[in-house]
Amino acid sequence: MPLRRKGKSPPFLSQEFFIQNHGDIASCFCMVFLIGLMLQATRNAASLFIAVQHNVTQNANDSTDASAALNVLYNNGWKDLCGIFFQMLCWIVVQAVIQEYVLDKVNRKLHMSKTKTSKFNDSGNMLPIFIASIGVGIDLIMKENLIPKIQSLWTGYPHTEMSFMLKLFFMLQVAYWLHMFPELYFMKTRKEEIPQKVTHYSLYMVFISAAYVMNFTRIALVLLVVHYIPEVVFHASRILHCLGMFEIAQYGFTVWSILFVPARLITITLSILTFWFGLGKADQSAFSIASGNFNNPTFRLACLLAVILVQAWMAWNFITFQVKRYRERSAVTQKKSRQDQKKKGKKEKKSKDDGDAVQNGSPKPRLKED
C-alpha cells in the first residue's frame, strides 16, 4: 500500500523525491519479488529472496512412521545474502510507515527542537524492534533449552543446524542493522551525528554477522536478549523525556542505569564461560571453514577479546554519560540556588528600606506603574 504524502511533490527523480518517497519505492521492489514468485518463469529466482534457503530435512528420531513430523533444520550459506537484501527492503518500508503515521504526527503536535526530534525518531524506530527481538529471543531460548542448561551454549559445537525461527531471527537482525545505513540518508541525519551512528550500527552488524557465520548463534542469541533489555528501558525513557514527561523519564533512566551494569557483567561472564572454558575443553584442532568449525584458540581468543573490549567501551561511554548528566544537574541546581538567593536578598533589602522609612515617619514613595 503506498504511503500518503502531503504538500507539494518534489521534482521527479530528484534527491528530495527519493528521500520523501523511499518507503513507496522500497515497497514497489518488494512487490516485484512477490509477483515474481507467482510466475513460473521467475519462481526459482524470486524464491531465493523470499524463502529461507539452505534447509536440511531429517526424519525425527529416525522413525519410519509416515505420520512422524519432519524436523526441518537450516544452515548458513551464500544464498542468505539474497534473503537479507529482501528483508532489508521490508525493514525500510516498516520504518517509513512508523515514521510517517506515528512519529511525524507527534513531532508536528509538539514542535520539538532538531536535537529532540532526532533523538525521538531514533528511539521511536528502535523501541518496537527491540521489544519484538526480546520476545522472540526469549521464546527461542526456551525452545532451544539454553536456560537453565548453560552448558548447551557450547555443547555440540559447531552448531551448523538451526531451526527456522532461529535462522530467520538472525537474518532479520542483520538486515535491520544493514538497512540503518541508507536510513541515515533518508532521514537527513546531521553530519555531526553520522560518525557516532555509523559506529553504533557497524558494531551491531559485525558482531551479529560474525556469530551467524561462525555458528556461535546460541551464545549470540542469549547475549542479544541480555543487551536489548536495558536498551528498551533507555529508549522508552528517552521518548518520555522528549514528550515532556520528565519525572517518569528520570525514573526510567535510573532503572536503565541499574540494569546496565548487570547486563555488562552477564555478557562478560557468559562469554568467558563459553569461549574460554566451554569451547576450550572441547577444542578441536580440525579447523575447517567448509564444515563451519571455528573452534580453535585463535578464533576463540579473538571473539572473547572483541566482546570484552566492546563491553569496556560501552562502560566508558556509560560513565562519561553519567558524569555529564551529574554536572548538568549540578549546574542547574547551583544556578537556581543563586537566583533564589538574589531574590531573597532583594526582598530583605526592600523590607529593610520600608522599615527604615516607617521609623522616620515618612513612608517611602512608590512610583506609579505605567
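**Rings and helices**

Modeller: This is a predicted model. At 35% relative accessibility, Phe18 counts as partly exposed.

Colleague: Is Phe17 buried or exposed?

Modeller: The cut-off for buried is under 20% relative accessible area. Phe17 has a relative accessible area of 17%, so this residue is buried.

Colleague: Which kind of aromatic pair do Phe17 and Phe18 form?

Modeller: A pair of aromatic rings is described by the distance of the centres and the angle of the planes. For Phe17 and Phe18 the centres are 5.8 Å apart and the planes are at 80°. Planes over 60 degrees apart count as edge-to-face, so the pair of Phe17 and Phe18 is edge-to-face.

Colleague: Which kind of pair do the rings of Phe33 and Phe49 form?

Modeller: Their centres are 4.6 Å apart and their planes stand at 35°. Planes under 30 degrees apart count as stacked and those over 60 as edge-to-face, with the rest tilted. The pair of Phe33 and Phe49 is therefore tilted.

Colleague: How many residues apart in sequence are the parts that this pair ties together?

Modeller: Phe33 counts as buried, at 16% relative accessibility. Phe33 lies in helix 2 (residues 22-38), while Phe49 lies in helix 3 (residues 43-50). The pair therefore ties together parts whose separation in sequence is 16 residues.

Colleague: How many aromatic pairs does a search of the whole structure find?

Modeller: Ring pairs also link residues into a cluster, with Trp91, Phe130, Tyr176, Trp177, Phe181, Tyr201, Tyr204 and Tyr228 as its members. For the whole structure, the search gives a number of aromatic pairs of 26.

Colleague: Which ring does the charged end of Arg264 sit over?

Modeller: The charged end of Arg264 is 4.7 Å from the centre of the ring in question. That ring belongs to Phe260.

Colleague: Are helix 6 and helix 7 roughly parallel or roughly antiparallel?

Modeller: The axes of helix 6 (residues 164-186) and helix 7 come within 9 Å and cross at roughly 155°. Angles over 145 degrees count as roughly antiparallel. Helix 6 is therefore, relative to helix 7, roughly antiparallel.

Colleague: Is the crossing of helix 6 and helix 7 left-handed or right-handed?

Modeller: The contact includes Trp177 and Phe181 of helix 6 and Tyr201 and Tyr204 of helix 7. The crossing of the two helices is left-handed.

Colleague: Is Lys197 buried or exposed?

Modeller: Lys197 is in helix 7 (residues 194-213). Not counting residues up to four places away in sequence, Lys197 touches Ser118, Asp122, Leu184 and Thr189. The relative accessibility of Lys197 is 12%, so Lys197 counts as buried.

Notes. Residues numbered from 1 in each chain as written. Predicted model: local features only at pLDDT ≥ 70, side-chain atom pairs only at ≥ 80, totals over all residues. Heavy atoms only, no water. Phe/Tyr/Trp six-rings, centres within 6.5 Å; stacked < 30°, edge-to-face > 60°. Buried < 20%, exposed > 50% of the residue type's maximum accessible area, 1.4 Å probe, protein only. Helix = DSSP H or I, 4+ residues; strand = E, 2+ residues; numbered from the N terminus. Lys NZ or Arg CZ within 6 Å of the ring centre and 35° of its normal. Contact = heavy atoms within 4.5 Å. Axes fitted to C-alpha atoms, helices over the stretch in contact; angles between N-to-C directions. Parallel < 35°, antiparallel > 145°, perpendicular 65-115°, else oblique. Left-handed = near helix turned anticlockwise from the far one by under 90°.
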